Amino acid sequence: MKLLLTLLCTTISLIVENTGDTQRQEVVEANLQTVCQQLGVDIDDPLIVKNAFGQEVTYQKTYDGKLLLHVAVQPHSEAVFTITKGTPSSFKSFVQGKVYPERADDITWENDRGIYRVYGPALQRSGERSFGTDVWVKNTPELVVEQRYQMHMWGVGQRDSLKRIGKAEEANEIYMATSFHHDHGYGLDCYGVGPSLGCGAPALLENGQLRFPYCYKTYRILDNGPLRFTVELTYGTTDDGITEHRLISLDRGSHFNRMTVWYDGIKEPKAFTTGVVLHSEDHLLLGKNYVLYADPTDNPKVHQFQIYVATLFPQGVDKTIKFKGTPSHGLGVVSSYKGEPYTYYFGSAWSNYDVRTFAQWQLTADDYLQHLKNPLTIRIQ
C-alpha cells in the first residue's frame, strides 16, 4: 500500500520555514533522493519546481545528492514550493566557473556578488609567486568573467603587437580599454595576492612561518550552476609527504564561499591557519570566530574604494591574530590540527556595490554566522 501511494504521488510540497526574527534570502538544500522517492521518480528524471504563485523557479541537482532552491522567507514564516516530474524551462545561471588555460590555468568562478580565482600549474611553471585566493570585484548580478578574459587576452595580444612595431602610445590605449585590471563599468581585478593567502587560502604554520601551498596540481569541477559552483582542488605533495585538498563551493546570492580543507600525510599535530593578507595597518577586525578586513586595493590613491574580505569560523578556532610575517596577515589559528576535514568560509564585497561600508560588512558577516547556526528548516509533504 505504501509503495502504491508513493507511485500515485504526482506532486509534492517543499516547505521552507524561517523561525528566526530576520528576513532570509539564500540557497537551501533538500535531500534529492527523498524528493524523488516521494514523487516515485528516478534521481535523473527532470523536475518542475513552482513557487506559491505557480511560477516555475530555478533548481539544481548537485554532485552530492542535494536539490537546491534559492528562497526568500520572511521572519516567522514559510515559503511553499510544489515539485512535479516534467521537463523544466531553461534556467538562467547565477553562478559559473571554469579553467582558463589561455591565462596560465586560472580557475575563476563567480556568482551575482563576487568573483574568485586560484592559480594553476602553468603559472607555477612560470615561476610567478602567487599562492592565495584572488578576488575580482563586480557591481552587476550578470556573469562577466568569460567576457573579461576574452577582452583582456585580446587586448594583451594587440598591445604586444603594437609595441613590437614601435606604437607604444596606441598599445597603452588598447590595454587601458580592454584590461581586466581597469574598470569598464562593471568591476575589475585590483586585489593584491602574490606570495600570500590572499582571501581565505589555508596554510600550515611551522616555526613561526606560514607554509604556503603553491598552485593547484589537479582539479575537478563538481557543480557548475545554476545555483552552486563546486570545485575540488589537490595541491602537490611536499618533501615530507603532506598533500593538501580543498573543496570550495559558492552559491547564488552569497558573499561567502564554503571551504573544506584536509591533508594527507600529517604525522604529528600542526598549527592550521587561514585568513586574509594585510596591505595596510588599518581596518582589521579580529573577532572570536572571524577575521574582517577592508583592503585598500593595489592602488589606493587611484581607486579610492575598498574591497571587504573575511574568513569566518563557525567550527571555531583557538585564536585570531595579527600575524607579522612578510607579508602580514589576519589569521584564525587551530593550534593542534591532525589533517582532518575542517570547514570555514571566506568571501568578499565591494564598496561600489551592495556593501558600502566596513560597518555594514561586519553586520553582513555577523548575520551570515547566525544563519549558519540557525538554518532554515525544510519539510517535504
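**Briefing: helix H4 and its surroundings**

The buried residues of H4 pack against strands E7 (96-100), E8 (106-110), E9 (115-118), E10 (134-138) and E11 (187-188), and against helix H5 (168-178). Here contact means heavy atoms within 4.5 Å, while helices (H or I, at least four residues) and strands (E, at least two) are DSSP runs numbered from the N terminus. This is a predicted model, in which local features need pLDDT of at least 70 and side-chain atom pairs count only at pLDDT 80 or more, whereas totals for chains, interfaces and linings use all residues. Residues are numbered from 1 along each chain as its sequence is written, and side-chain values use heavy atoms, with hydrogens and water left out.

**The chain as a whole**

- The chain holds 7 helices and 25 strands. Its radius of gyration, taken over C-alpha atoms, is 22 Å, close to the 21 Å that the globule rule (2.2 Å times the number of residues to the power 0.38) gives for 381 residues, so the chain is as compact as a globular protein of that length.
- Of the 381 residues, 50% count as buried; buried means under 20% relative accessible area, exposed over 50%, and partly exposed in between (1.4 Å probe, protein chains only).
- Among contacts between residues at least 6 apart in sequence, 67% join residues at least 24 apart.

**Helix H4**

- Val145, Arg148, Tyr149, His152, Gly155, Val156, Arg159 and Leu162 are buried in H4. Seen down the helix axis, the buried residues fall within an arc of 165 degrees, so they line one face of H4; the arc is that of the directions from the axis to the C-beta atoms.
- Gln150 and Arg164 are exposed on the other side of H4.
- Glycine 166, with a positive phi near 80 degrees, follows H4.

**Methionine 153**

- Methionine 153, found in H4, is partly exposed, with a relative accessible area of 27%.
- Not counting residues up to four places away in sequence, methionine 153 touches Glu102 and Arg103.

**Serine 196**

- Serine 196 is found in the loop between E11 and strand E12 (199-206), and it counts as buried at 0% relative accessibility.
- A polar atom of the serine 196 side chain lies 2.7 Å from the backbone oxygen of valine 193.
- Leaving aside neighbours within four places in sequence, serine 196 is in contact with Phe131, Gly132, Phe212, Val277, Pro327 and His329.

Conventions: A polar contact is a pair of N or O atoms within 3.5 Å; within protein, one must be able to donate a hydrogen and the other to accept it, and residues adjacent in sequence count only if both atoms are side-chain atoms.
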